[in-house]
Amino acid sequence: MIERIENELGSLAKRLQIEEEEMNAKYTELATSNNLDLEDERQQLMAMSLTRQYVRSRLASNRSSSQQSFGAMVTGFFVGIEPVRDIMEYKRKNVRSRYNADASQALTDGLVAEIVLEDGEFKKTQVKNDEWETKTLPQVPDMAIEISETVWIVPLDAVKTWQSGDTNKNYGRPLPKEQHQVRAHFIGQKEDGETQLWTVQLKNEMAKNFKADCFRMLTFYGLPNEDRNAIYGIRNKTLETLSYIDILDEDDPRWFDTSSYNYEDALVENMGEFVTDLMDIESYHQEIQTQQGLKITVTDGIVTSMNLTVNKNTGNRVIWIEPLDANYGFEDEDMPESTPIWVPSHVDIDFGVGSDIVVIGRTSQSQKKDESGIPINGEYNPVSINLYGLNVRLATGLAESVDTSDGDSLNYW
């Protein structure tokens, strides 16, 4: 056997992760089946060509199998879904502000490219790898921000390398005009895995089209990352495979009886660190502001009033809750204000005043202002909760709008 063929067969064996003897046997098999004489040097080379084709086919098959097994089915329930956000909205406002403050520095930092209309041509200037580059463009791109009738800026990806050390292939290229994301909190597990809290992250069209009931068992296909406790959406798979367990046919292998499942036990077991009593909500809010990681709260209470008028700016409605075991006196100063819960438009309110509910969301607190709108030093409004999800333990009455003009006023918000 020619020495270079012997060496190449050894290399191909490593590519396929098999023993050299097996690779040599395949080489001989291909030669024999094609009536090639391995005593002839030219026919050895012909057999080598057939062997290379065989290896290419095997590698392509392995890649196909790998792609088909990309991701996994997960089963569990959502406890909360955050609002869909366009993360580019803030970035675009920020780079425009920095450009207006110091255009030269914004260009030097690689944050933006500048497009100027000169003599009927769109001339682009940007700094990449510390070098100034100019180029004539056929048109102003869609993601450009108009500064004046003849000047535009385009926000750029200014990250050269990732924390892993890998090169960012999009460095110096325009950022998209929009990039929608949604983050949802999910308790569940992969097949044969342990139940845990996951953060489900979806982008763009998946984010805009995502809908799911909270506290209802379901299954879907995603890409779990156990190091980050995250599940990433897969285009054309995640939304298309999302199915509620309770409506599957009992013959479906994904089906199981969910009627006796205790969602609240699973909530406490997997999110115990975020559970707080409503009486302690203010101190909890102050505590988590200084902590890294997920800032979320799980609490419960009795609905005391509602205002179901939709806020034109946010789309939110508001309900108020207080602790079930609150022990108030009869003096005004003994009765603290109920906690406002901001309810987004996608959450159905099919319960009324007096209902017992579990609330999952993020706390916030604004500073009080005087009659002129100037913040009052050291004085704050009650902590409120931006709702991500809720579970109704016991529903009473009907959802109805309650006049709060002489009670919990929202004017300060």
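This is a predicted model: local features need pLDDT of at least 70, side-chain atom pairs count only at pLDDT 80 or more; totals for chains, interfaces and linings use all residues.
User: Which residue forms a salt bridge with glutamate 226?

Analyst: First the general idea: side chains of opposite charge can pair when their charged atoms come close. Here the partner is lysine 190, with the closest N and O atoms 3.1 Å apart. The pair links distant parts of the chain, 36 residues apart: lysine 190 lies in strand S8 (residues 180-190), while glutamate 226 sits in the loop between strand S10 (218-225) and strand S11 (230-232). Lysine 190 is partly exposed too, at 25%.

User: How far apart are the closest N and O atoms of arginine 52 and glutamate 8?

Analyst: In that salt bridge they are 2.5 Å apart. Arginine 52 is partly exposed at 26%, and glutamate 8 is partly exposed at 21%.

User: Now a helix. Which residues of H9 are buried?

Analyst: In helix H9 (residues 281-288), they are Ile281, Tyr284, His285 and Ile288. Seen down the axis of H9, these buried residues fall within an arc of 100°, so they line one face of the helix.

User: What do the buried residues of H9 pack against?

Analyst: Four strands: S13 (297-307), S15 (339-343), S16 (356-364) and S19 (384-394).

Terms used. Residues are numbered from 1 along each chain as its sequence is written. Side-chain values use heavy atoms; hydrogens and water are left out. Buried means under 20% relative accessible area, exposed over 50%, partly exposed in between (1.4 Å probe, protein chains only). Helices (H or I, at least four residues) and strands (E, at least two) are DSSP runs, numbered from the N terminus. The arc is that of the directions from the helix axis to the C-beta atoms. Contact means heavy atoms within 4.5 Å. A salt bridge is a side-chain nitrogen of Lys or Arg within 4 Å of a carboxyl oxygen of Asp or Glu.
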